[in-house]
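Please look over the sequence and the three-dimensional structure shown here before reading on.

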Amino acid sequence: MTIAIKGGSEVGYTRFRYANKKCLKFLRSKMSSQAEGKACDVAPKTEWPELVGRSIKEAKEKIKADRPDLKIQVVTVGTSVTEEFDTKRVRIWVDTVAEVPKIG
């Protein structure tokens, strides 16, 4: 079984081949909160490239499902934000016009 995961500050995705049955069982249990981090070293998810093009609601739901410990900020592209790195924050950058702009 080959699984692609993103971990820590690594730039690219790394492929890990899990031969360890204990690790496979852990991954199949969908990382329940009680078993998380105990069976093997699986880094928590830090990026969600699959959410590009999705709605804000879908993005928030997916991130909260994967990492309920994170605070989510929705930010318009071009908005000034602080530059400090916060390990408990995810910013969802948005820039599309959802409806036709009109007078009235």
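A nonpolar core is a set of buried Ala, Val, Leu, Ile, Met, Phe, Trp, Tyr and Cys residues joined through side-chain atoms within 4.5 Å. In this predicted model, the largest such core has 8 residues: Trp 48, Leu 51, Ala 59, Ile 63, Leu 70, Ile 72, Val 90 and Ile 92. Helix H2 (56–66) and strand S4 are the elements that give two or more residues to this core. One member, Ile 92, touches Ala 59, Lys 60, Ile 63, Ile 72, Gln 73, Val 74 and Val 75, when residues up to four places away in sequence are not counted.

The core may now be placed within the whole chain. There are 2 helices and 4 strands, and their order along the sequence follows the pattern β-β-α-α-β-β. Of the 104 residues in the chain, 21% are buried. The accessible surface comes to about 8500 Å², and carbon and sulfur atoms account for 54% of that area. Among contacts between residues at least 6 apart in sequence, 17% join residues at least 24 apart.

Which residues does Arg 67 touch, not counting residues up to four places away in sequence? They are Pro 44, Lys 45, Trp 48 and Thr 87. Arg 67 itself is found in the loop between H2 and S3, and it counts as buried because its relative accessible area is 12%, under the limit of 20%. Its side chain reaches the backbone oxygen of Lys 45 at 2.8 Å. Pro 44 belongs to the loop between helix H1 (21–28) and H2 and is partly exposed, at 39% relative accessibility. Although Pro 44 and Arg 67 are 23 residues apart along the chain, their C-alpha atoms are separated by 7.8 Å.

Asp 69 is partly exposed, with a relative accessible area of 37%. The side chain of Asp 69 also meets that of Lys 88 in a salt bridge, at 3.0 Å from N to O. Lys 88 lies in the loop between S3 and S4 and Asp 69 in the loop between H2 and S3, so this pair ties together parts that are 19 residues apart in sequence. Lys 88 is partly exposed, at 42% relative accessible area.

A further salt bridge joins the side chains of Glu 50 and Lys 45, at 2.8 Å from N to O. Glu 50 is partly exposed, with a relative accessible area of 36%, and Lys 45 is likewise partly exposed, at 29%. These two residues belong to a network of salt bridges that links Lys 45, Glu 50, Lys 62 and Asp 66.

Leaving out residues up to four places away in sequence, Arg 89 touches Leu 70, Lys 71, Gln 73, Thr 82 and Glu 84.

Val 81 lies in the loop between strand S3 (71–76) and strand S4 (89–94) and counts as partly exposed, at 31% relative accessibility. Together with Val 77 and Trp 93, Val 81 makes a nonpolar surface patch of about 250 Å².

Technical notes:
Residues are numbered from 1 along each chain as its sequence is written. This is a predicted model: local features need pLDDT of at least 70, side-chain atom pairs count only at pLDDT 80 or more; totals for chains, interfaces and linings use all residues. Side-chain values use heavy atoms; hydrogens and water are left out. Patches are made of residues with over 30% relative accessible area and no salt bridge: like charges are joined within 9 Å, nonpolar side chains (Val, Leu, Ile, Met, Phe, Trp, Tyr) within 5 Å. Accessible areas come from the Shrake-Rupley method with a 1.4 Å probe; for residues, only the protein chains shown count as cover. A salt bridge is a side-chain nitrogen of Lys or Arg within 4 Å of a carboxyl oxygen of Asp or Glu. Buried means under 20% relative accessible area, exposed over 50%, partly exposed in between (1.4 Å probe, protein chains only). Contact means heavy atoms within 4.5 Å. A polar contact is a pair of N or O atoms within 3.5 Å; within protein, one must be able to donate a hydrogen and the other to accept it, and residues adjacent in sequence count only if both atoms are side-chain atoms.
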